Amino acid sequence: LVDEDGHVSSTIFAEMSALAMQTGAVNLGQGFPDEDGPEAVLAEAVAAIERGENQYPPGPGTLDLRTAISEHQRRFYGLQPDPQGEVLVTAGATEALAATLLALVEHGDEVVTFEPFYDAYGGLIALAGGRHRTVKLRAPDFQPDPDELRAVVTDRTRIILVNTPHNPTGTVLDRATLDLIAELAERHDAIIVTDEVYEHLTFDVRHVPVATLPGAAGRTLTISSGGKTFSTTGWKIGWLSGPRELVTAVSTVKQYLSYVNGAPFQPAMATGLRLPDAAFTAIADGLRGKRDLLSAGLSAAGFDTFRPDGTYFIVADATPLGFDDAAAFCRALPELAGVVAVPLSAFCLDRHDADYASLVRFAFCKRVEVLERAVDGLARLR
Ligand code: PMP
Ligand code: GLN
């Protein structure tokens with residue numbers, strides 16, 4: 001995080017968004033939508049501000065939002081966390097992850113994640129004093145090798161940190177992998193923390209929450225966020241749910257991080273979580289065509305592309321275009337094609353950069369005309 005001269009490194013997303021601003025290139029780097037989500041959700045935030053809900057909300061989040069989160073978990077997955085004590089509202093999924101790791105990891109404890117991993121995991125595990133162990137996901141399907149997973153999870157493992165659907169690969173972990181995670185967590189008495197922020201963004205496969213696996217609920221903290229589901233990434237309303245004693249430990253840390261956040265956005269999220277089922281499927285339906293458009297454009301430009309089952313990211317290999325250093329390729333891409341993307345090395349341990357050296361992530365949560373402009377630019381690479 002901090003180099004020998006005391007310089008704090010900025011995240012890849014900030015660097016690449018700045019590059020997009022400077023060059024006017026289409027920003028398919030940082031993942032955020034360029035259109036607003038459901039009107040009812042936006043309207044409720046405005047109404048809440050006008051009602052005067054502008055002061056500190058309750059520490060664990062408003063009871064109404066915690067109730068809506070619990071109802072959502074029940075409606076979609078048959079889970080029933082108690083809004084009183086088993087649900088916590090946080091400043092985005094990021095704070096849920098931070099408070100969880102700070103609460104549960106003791107110095108030197110091991111935290112297992114898949115690799116590549118969402119970049120915040122590396123920083124947060126380091127801040128918590130944990131040791132980061134990884135299991136590699138490899139193209140084309142980015143599912144882990146079960147023997148590698150078995151080898152990495154040991155009695156030293158405090159947390160298995162799962163992310164499905166997975167950023168950056170777009171993989172939805174298969175049932176056999178989820179079962180193995182639950183089995184290994186039980187055998188080694190590890191806690192499962194599962195980041196399911198893309199839970200509603202899946203295409204032809206169903207998202208299975210880890211907490212629904214037999215025996216898993218008692219040791220699983222489930223994290224999500226309204227940012228992806230309702231296209232409100234700037235609101236930073238996230239949450240977690242799980243066993244009372246774990247939620248209590250996380251709440252204790254959370255009160256010294258943000259304390260609380262987003263008073264008028266909390267009722268808006270509750271409105272979102274109570275929308276009819278069709279509103280949730282509409283999000284994935286809108287993204288499916290965009291995935292296909294960008295995926296076809298990348299293939300036509302000469303990339304090897306790996307079609308994702310979930311999230312709004314596509315990974316592509318630039319090797320067939322003659323590039324084996326994706327970081328250099330991404331710096332040149334605004335000039336070459338008028339597009340910004342992110343190298344997968346940003347989602348890896350530094351010592352593993354070489355394993356992902358030619359892979360690039362593109363976001364497709366953009367309007368069709370924006371994606372078409374990107375596809376036209378990418379065609380110049382041929
Ligand atoms: N986890 C993953 C896998 C993500 O992609 C993101 C969004 N960038 C987050 C967590 C953070 O979510 P939030 O914006 O709600 O903090
Ligand atoms: N989750 C988004 C991404 O992966 C953005 C995260 C961020 O900007 N920190 O692109």
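Me: Let's start with strand pairing. In β7, which residue is the bridge partner of Val 193?
Reply: Here's the general idea: strands of a sheet pair through backbone hydrogen bonds, either parallel or antiparallel. Two strands count as paired if DSSP finds at least two bridges between them. Helices (H or I, at least four residues) and strands (E, at least two) are DSSP runs, numbered from the N terminus. In this case, the bridge partner of Val 193 in β7 is Leu 221. Strand β6 and strand β7 (residues 220-225) run parallel, joined by four bridges.

Me: Before we go on, what sort of model is this, and how are things numbered?
Reply: It's a predicted model, where local features need pLDDT of at least 70 and side-chain atom pairs count only at pLDDT 80 or more, while totals for chains, interfaces and linings use all residues. Residues are numbered from 1 along each chain as its sequence is written, and chains are lettered from A and ligands numbered from 1 in the order in which they are written.

Me: Back to β6, then. Which residue is the bridge partner of Leu 161?
Reply: That's Val 193 in β6. Strand β5 (residues 157-163) pairs with β6 in the parallel sense, over five bridges. Together with helix α7 (residues 175-187), β5 and β6 make a right-handed β-α-β unit. To judge the hand, point the strands away from you: the crossover is right-handed if the path from the first strand over the helix to the second runs clockwise.

Me: How many residues of β6 are buried?
Reply: Burial is a neighbour count: a residue is buried if 20 or more other C-beta atoms lie within 10 Å of its own, exposed if 12 or fewer, and partly exposed in between, with C-beta atoms placed from the backbone. In strand β6 (residues 191-195), five of its five residues are buried. Both faces are covered, with Ile 191, Val 193 and Asp 195 on one side and Ile 192 and Thr 194 on the other.

Me: And how many residues of helix α10 are buried?
Reply: Helix α10 (residues 265-273) has nine of its nine residues buried. Among the elements they pack against are α2 (39-50), α3 (63-77) and β8 (237-241). Contact here is a distance rule: two residues are in contact if their C-beta atoms, placed from the backbone, lie within 7 Å.

Me: What about the open sheet: in what order do its four strands come?
Reply: The order is β9-β10-β13-β12, and the pairing is antiparallel. β9 (304-306) and β12 (342-343) stand at the edges, each with a single partner strand, so one side of each has no neighbour in the sheet. β12 pairs with strand β13 (residues 359-363) over two bridges, and the partner of Val 342 in β13 is Arg 361.

Me: Into which domains is the protein divided?
Reply: Domain bounds come from an automatic or database domain assignment. Here they give domain 1 (12-30 + 278-381) and domain 2 (39-275). The contact between them takes 27 residues from domain 1 and 29 residues from domain 2. On the domain 1 side, α11 gives the largest share, seven residues.

Me: Which residues are around ligand 2?
Reply: A residue is near a molecule if its C-beta atom, placed from the backbone, lies within 6 Å of it. For ligand 2, those are Thr 11, Phe 13, Gln 30, Gly 31 and Asn 167. Ligand 1 is surrounded by 14 residues, and the closest include Gly 92 and Ser 225. Helix α4 (residues 92-104) gives the largest share of that shell, three residues.

Me: What is the phi of Phe 142?
Reply: Near 55 degrees, a positive value in a residue other than glycine. Phe 142 counts as buried because it has 21 C-beta neighbours inside 10 Å. Thr 311 also has a positive phi, about 70 degrees, and lies in the loop between β9 and β10.
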